[in-house]
Amino acid sequence: MSANSFLDRDELREIPVIPVNGSRNADGVFEHRVPPLSQTTKAQNYLLGHDEIHLPEDVIRRLVYGAVEPYGLQGIRVERHRVESGWLAVLTYRAYSLMVSMAVENDRLLNVAHYAADPKAAGGNLALAMPQPHPEHAVLVHAGEFETVLRSVDWAARGVKRVNPQDVGERLVERPLMLVPATFQSTAGEPQYDVTSVDGNGRLAACLSCITVERGWLEDSRQREHVDLLPSHLMKLPLQERRELVRKVAKAAHKRLAQPPVDGDRADILSRNRAAKTLNALTIPVQVIVGYLDDEPERAMQRFPTAVRALLMRMNVGVKPFADGAKNAVTAEEIVAGLHDENLFGAGQIAAAYRDVLVGRGDVTAGMRELGLDPSLPDLRFAAVVQQLTRKEPQFNALVRSKLHQAKLLLAHRNGPVVELGLRSYSASAEQKLFSSARKALETGCLWQDLVDEEWAVENIDTNDAVDDLLARADAGSRQAALLLGTLGMVALVMSGHLLAAAGSAEETAGTTIDRSNVGQIIKKLLEHGAGRSLLADAIKRTRANQPLRWWDDETGRLVSQTDKWKGSTYAAYLRAAARHGFGGKAVSGTPVEKEADALTRFQEDVGSSAGRLLDLIDLREEHGTLDLLPWTEVEATINQLGEMNEDLREISEKKPRGLR
């Protein structure tokens with residue numbers, strides 16, 4: 001008896017093909033039949049004549065050709081979806097998955113992408129420029145070269161399958177994908193328009209993985225028996241060839257299932273299941289954005305890309321919401337687009353420069369020069385992000401609150417967008433471990449309230465002499481100079497790995513208690529000391545020159561090199577100790593207020609140390625592959641004590657402000 005006869009029950013189970021309409025063959029079995037083009041004409045004419053559909057004829061043809069039942073689009077009801085700036089017109093129907101392209105980029109991956117805002121970025125998978133509005137139609141305009149777009153789509157497809165896997169093939173896709181028409185900078189022979197998925201890319205990627213495409217059906221697939229289907233394969237096909245591919249796939253899968261089964265043969269069952277998965281993944285429910293009506297009609301399609309983004313963010317609250325970093329990245333881009341659309345960056349070239357520099361997707365050289373800043377210095381762009389997103393004009397606050405969905409705009413609300421946009425200056429060049437630790441430090445809070453309360457601007461501090469002049473002005477009491485010095489110094493310390501999130505072992509390293517405040521508060525305290533300001537200025541110069549950072553020697557009153565070559569974590573520990581005690585040692589605390597403050601600090605330090613030790617335990621379990629849960633008898637007392645501490649602390653603390661998450 002062959003090995004194939006000994007199969008688990010699950011392996012023997014054949015996957016059924018699930019009907020999506022009433023199409024049947026002569027034997028009464030469901031069969032996909034791609035409708036002839038003659039059945040698309042009336043639907044095209046209906047959609048072309050509809051007042052709420054704002055699409056060119058080529059896009060409408062794509063929609064109709066891609067529909068499983070194109071005749072169903074004749075007389076279809078146009079739905080309206082409300083967004084903050086107007087109404088999106090939407091059609092709902094079932095389409096062939098091979099006729100839909102994945103998003104040019106996936107917003108779930110924005111926090112891990114590389115950006116042209118990094119002066120050292122060179123080619124590779126850089127994030128594309130943000131789509132622009134079409135002058136007449138509800139179409140997103142992608143300015144990137146088509147080959148660049150194809151590379152980005154394939155990279156995004158691989159990424160989304162990794163971070164958002166979906167179960168498709170044994171069952172149909174059940175939740176609709178949200179689609180939007182797009183156009184590209186097309187060259188000879190390439191499609192000018194496409195229909196892309198702005199929501200549901202995980203489902204679409206799973207469908208493409210299930211669909212069997214045979215050798216020779218695609219131009220660049222002749223060397224393989226079955227093709228690993230990529231989004232770029234489909235996007236390069238002319239419309240008629242793409243539709244013909246649907247027909248070939250369906251026909252081959254049905255032909256395979258029509259063959260008599262070989263009872264108990266594992267290879268035969270796997271082959272039949274592959275065909276069944278292909279057919280189940282061949283169709284998807286879709287909602288296609290086909291029009292847009294702005295609340296201010298004179299704006300026409302100007303705010304269409306922002307409206308699509310707003311709808312996307314509202315939809316991603318289901319099975320797998322966006323990670324915080326990705327959500328902050330999308331929100332940050334929405335804020336910048338909104339500020340530009342509402343003319344809050346000013347007008348003309350300056351407004352476009354602020355938009356392009358802050359978003360950082362495209363080459364920022366021209367924009368930085370327009371703002372009077374050296375484009376080769378990433379810390380200056382980071383400072384521009386901080387300065388623009390800490391403004392406090394009523395119009396600015398109202399717009400940012402609306403994008404963040406907050407009743408009140410707090411400092412903590414600004415931090416996430418600042419971090420995501422600022423880090424784009426280092427996204428391609430920073431070593432991954434250093435970049436991750438910098439992100440962790442910044443996410444604790446990299447702002448301080450003075451940045452919001454006081455007016456300040458970013459100057460072109462592009463030389464050591466300019467840094468020295470900035471320091472001299474800060475020492476003389478200039479708040480403008482101090483805030484810019486603090487911002488540039490904060491970027492230098494964090495991005496070089498010399499100011500980290502507070503570690504559990506930092507007290508042991510420093511030999512004393514440390515300040516466990518967030519990064520922004522550490523910088524604020526350093527600015528209060530002449531030594532701290534000197535250290536910040538020196539960090540700016542030496543980080544730019546890729547030189548080791550120096551430390552303040554209180555006895556000589558100057559900065560000195562560390563002969564024992566401190567690690568970044570060592571430097572960070574001493575920096576936090578200096579923020580708490582000053583650079584000349586700890587002062588004696590005598591008043592009741594000082595004693596209470598010191599007691600609170602010691603308590604917070606102990607809590608922070610305990611949190612660090614808990615993370616150490618979690619890391620060890622992950623390293624050892626431990627899956628068993630800790631016995632309740634071992635943790636009961638600790639959990640109860642934590643609960644009691646929480647209650648005691650709340651009794652002596654103010655209530656949490658409304659709107660603060």
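Biologist: Which residues does Tyr574 touch, leaving out those up to four places away in sequence?

Modeller: Tyr574 touches Thr509, Ala510, Trp551 and Trp566, with residues up to four places away not counted. Keep in mind that this is a predicted model.

Biologist: Where is Tyr574 found?

Modeller: In helix H23, residues 568–581.

Biologist: Is Tyr574 buried, partly exposed or exposed?

Modeller: Partly exposed, because its relative accessibility is 27%. Buried would need a value under 20%.

Biologist: How far apart are Tyr574 and Thr512?

Modeller: Their C-alpha atoms are 9.0 Å apart in space. In sequence, Tyr574 and Thr512 are 62 residues apart.

Biologist: Let's zoom out. How many helices and strands does the chain have?

Modeller: There are 25 helices and 11 strands. The chain has 661 residues, and 50% of them count as buried.

Biologist: What share of the contacts comes from residues 24 or more positions apart?

Modeller: Taking contacts with a separation of 6 or more, 72% are between residues 24 or more positions apart.

Biologist: On to the cores. Which residues touch the most other members in the largest nonpolar core?

Modeller: Leu442, Leu485, Leu493, Val494, Met495 and Ile523. That core has 86 residues.

Biologist: Which helix gives the most to this core?

Modeller: H19 does, with 12 residues.

Biologist: And what is Met495 in contact with, leaving aside neighbours within four places in sequence?

Modeller: Met495 is in contact with Leu423, Tyr426, Leu434, Phe435, Ala438 and Leu442, once neighbours within four places are set aside.

Biologist: How about H19 and H21?

Modeller: H21 covers residues 519–526. The axes of H19 and H21 come within 10 Å and cross at roughly 125°. H19 and H21 are therefore oblique to each other. H19 passes H21 in a right-handed crossing.

Biologist: Which residues make the contact?

Modeller: H19 uses Gly486, Met490, Leu493 and Val494, and H21 uses Val519, Ile523 and Leu526. In the contact of H19 with H21, six residues are nonpolar, one is polar and none is charged.

Biologist: Where is His405 found?

Modeller: In the loop between helix H14 (394–404) and helix H15 (411–423). His405 counts as exposed because its relative accessibility is 68%.

Biologist: And what is the phi of Asn546?

Modeller: Asn546 has a positive phi of about 55°, and it is not a glycine. Asn546 sits in the loop between H22 and strand S10 (551–553). With a relative accessible area of 73%, Asn546 is exposed.

Biologist: Now Met102: buried or exposed?

Modeller: Met102 counts as buried because its relative accessibility is 2%. Met102 lies in the loop between strand S2 (86–96) and strand S3 (132–133).

Biologist: What does Met102 touch, not counting residues up to four places away in sequence?

Modeller: Val153, Ala157, Val160, Thr196, Ser197, Asn201, Leu204, Ala205 and Pro231, with residues up to four places away not counted. The C-alpha atoms of Met102 and Val153 are separated by 6.7 Å, and the two are 51 residues apart along the chain.

Biologist: Last one. Where does Val17 lie?

Modeller: In the loop between helix H1 (9–12) and helix H2 (41–48). Val17 is partly exposed, with a relative accessible area of 26%. Val17 and Ala276 are 259 residues apart in sequence, yet 5.3 Å apart in space, C-alpha to C-alpha.

Notes. Residues are numbered from 1 along each chain as its sequence is written. This is a predicted model: local features need pLDDT of at least 70, side-chain atom pairs count only at pLDDT 80 or more; totals for chains, interfaces and linings use all residues. Side-chain values use heavy atoms; hydrogens and water are left out. A nonpolar core is a set of buried Ala, Val, Leu, Ile, Met, Phe, Trp, Tyr and Cys residues joined through side-chain atoms within 4.5 Å. Buried means under 20% relative accessible area, exposed over 50%, partly exposed in between (1.4 Å probe, protein chains only). Helices (H or I, at least four residues) and strands (E, at least two) are DSSP runs, numbered from the N terminus. Contact means heavy atoms within 4.5 Å. Axes are lines fitted to C-alpha atoms, for helices over the stretch in contact, and angles run from 0 to 180 degrees between N-to-C directions. Angles under 35 degrees count as roughly parallel, over 145 as roughly antiparallel, 65 to 115 as roughly perpendicular and the rest as oblique. A crossing is left-handed if the near helix is turned anticlockwise from the far one by less than a right angle, and right-handed if clockwise. Ala, Val, Leu, Ile, Met, Phe, Trp, Tyr, Cys and Pro count as nonpolar, Asp, Glu, Lys and Arg as charged, and the others, Gly among them, as polar.
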